[in-house]
Amino acid sequence: MPDTPLLQVTGLNGGYGGKPVLQGVDFHVNEGEIVAIIGRNGVGKSTLMKTLIGLLPNQRGTVHLRGQQIDNLSAHRRARLGIGYVPQGRDVFPRMTVLENLLVGQSISGRKIDGMLEQVHGHFPILQERASQRAGTLSGGQQQQLAIGRVLMGGPSMVLLDEPSEGIQPNIVQGIARIMVDLNARTGLGVVFVEQNLDMIRAMAQRCYVMDKGRITASLTRADLDDQDRLRSYLSV
Amino acid sequence: MVDSLNLVFSFLYQFGDAFAFLVLSACGLAVIFGMMGVINLAHGEFIMCGAYVSTRAAHAGVPMPLAILLGAACAGIAGMIVELLVIRRLYQRPLDTIVATWGISMIVTQGMLILLGPSMQGVGTPFGSFVVGGYSYSVYRIILMLSAVATLAVLWLMFTRTRFGLLSRATIQVPHVAEALGVNTNLVYSVTFGLGAALAGLAGGLYAPTMTLVPTMGASFMVEAFVTVVVGGADIFLGTAPAALILAVIKAGLTSWQGQLAGQIGLLIAVIIVIRILPRGISGKILRERG
Ligand SMILES: Nc1ncnc2c1ncn2[C@@H]1O[C@H](COP(=O)(O)OP(=O)(O)O)[C@@H](O)[C@H]1O
Ligand SMILES: [Mg+2]
């Protein structure tokens, strides 16, 4: 079925305990696409990511991965279907080494994928140089590379990145964008990323959704992304 | 000269004996507290379970080492069942787990009293004794010391060299991220609780030949276990092991100087001092300094 989307989200409601945040989120990602989700602080982007991976329960609506309903599965079972989640703020395992952090990521596939460690080291050489250093002592940019390398270790078919550029130097942001675009072109890796950094959005996104007050309020094409002023208007108050 | 060598040997023996008891009593409690934040007041009953099962097995003709491992395994399985039925429902509610495990402890001790009576026939301490400088020492106590060191070594290998160790350390550090990376964190918690209970059972099995088997026997391990875990903090290798070393010096010193009671009082004073200056124990201090 070539027209089954990689990810289909329909009428998703969710939030924290009694506090609703998502108010009926609808969007989809096709096979091999890189899609950005943009919006101001506090509109529910991170809540959406956590609800997609299953760290927060959805109160209503559905999530389908390649046609399979996944919103009733626990987070680790969703991950094992090939979803790599990179949380906002990175959340590396601080008292484990860089290498150990990477090895935990193998749980996504449930096995060691031959040659994957070498590939990840190829994308992010710093992770090889610092292999035995404790992850909590890395800089923000290095931790972000580690958090992305960690999910790539499990050979995911799609990744969810929550504000990968936050608090990171521009050259590292560009490097990460280049690697994600390259992986997408070579392997068809699907990418959904939440972002507020215009350069990163324009460097990576093929399409873009705008989120406001717990809903998707606009859908932008690649051509729309070249309109700097319009993009900026969605991100600033 | 020979006299002072004898004195040194006597102190080392006392120290090793105290160290073994502190380590073996505490490591199950430390694993469960350090990995899961659960204060398991039923720890003593898992010890009792290991002691009863291994003694029963020994009476039935199972060789001692195997009987002890069987006791540990049964305590471990009991632990996984308790985790599944009770503890799992109480994560993030530490006070409730204290009350629940206390309740389990009372039910089990009273239940055993009703089912098996006030005491059970033990097996005598094996291997006899040896003499140094006119004093006689138990060979089995030396085996207990070696068992304590071996237990620490096996735990260290398990936590640093195995996949389970890797995933369990990830799960304590950032549980939601471990789960989101495909780690079945519920299973990790269940196995960890089972491991802690099995270590308690191992202590029970190892010490069974040296004590009277009564349903409340677990209580005689609890002071040492808690003192060691409080002084050590949440980490077994950075906390429990060094705490056991320090406390064993205090206990052995005071015991050989003023007797058993002074040793016990010394431990309690040590724990009060440590709580004042290191509220998160030795390992809490080390980990904070490392950042
Ligand atoms: N752990 C939490 N508990 C309760 N409310 C939260 C929590 N995290 C975020 N929120 C609230 O949910 C809303 C959406 O937050 P979030 O999804 O983090 O926004 P964004 O990622 O778009 O900046 C905000 O109003 C925020 O205050
Ligand atoms: Mg956010």
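**Ligand sites and a cross-chain contact**

In this predicted model, the side chain of A:Gln106 makes a polar contact with the side chain of B:Arg163, at 3.3 Å. A polar contact here is a pair of N or O atoms within 3.5 Å; within protein, one must be able to donate a hydrogen and the other to accept it, and residues adjacent in sequence count only if both atoms are side-chain atoms. Residues are numbered from 1 along each chain as its sequence is written, while chains are lettered from A and ligands numbered from 1 in the order in which they are written. Local features need pLDDT of at least 70, side-chain atom pairs count only at pLDDT 80 or more, totals for chains, interfaces and linings use all residues, and side-chain values use heavy atoms, with hydrogens and water left out.

A:Gln106 sits in the loop between α3 and α4 (116–123) of chain A, and with a relative accessible area of 9% A:Gln106 is buried (buried means under 20%, exposed over 50%, partly exposed in between; 1.4 Å probe, protein chains only). Leaving aside residues up to four places away in sequence, A:Gln106 touches A:Arg111, A:Lys112, A:Met153, A:Gly154 and B:Arg163, where touching means heavy atoms within 4.5 Å.

Turning to ligand 1, the shell around it (residues with a heavy atom within 4 Å) includes A:Tyr16, A:Lys19, A:Arg40 and A:Thr47. By class, this shell has three nonpolar, five polar and three charged residues, with Gly counted as polar. α1 of chain A gives the most, with three residues; β2 (19–29) and α1 (45–53) each supply at least two. Helices (H or I, at least four residues) and strands (E, at least two) are DSSP runs, numbered from the N terminus.

As for individual atoms, an N or O atom in the side chain of A:Thr47 is 2.5 Å from an oxygen atom of ligand 1. A polar backbone atom of A:Gly44 is 3.1 Å from an oxygen atom of the ligand, and a polar side-chain atom of A:Tyr16 lies 3.3 Å from a nitrogen atom. Taken alone, ligand 1 exposes 560 Å², and the protein buries 61% of that (Shrake-Rupley method, 1.4 Å probe).

The magnesium ion, ligand 2, has A:Ser46 (OG) and A:Gln88 (OE1) as protein donors, 2.1 to 2.2 Å away. A:Ser46 lies in helix α1 and A:Gln88 in the loop between β6 (83–86) and α3 (98–104) of chain A, so the pair ties together parts 42 residues apart in sequence. Donors are N, O and S atoms within 2.8 Å of the metal (3.2 Å for Na, K and Ca); water is not among the atoms, so sites may look incomplete. A:Ser46 counts as buried at 17% relative accessibility, whereas A:Gln88 is partly exposed at 30%.
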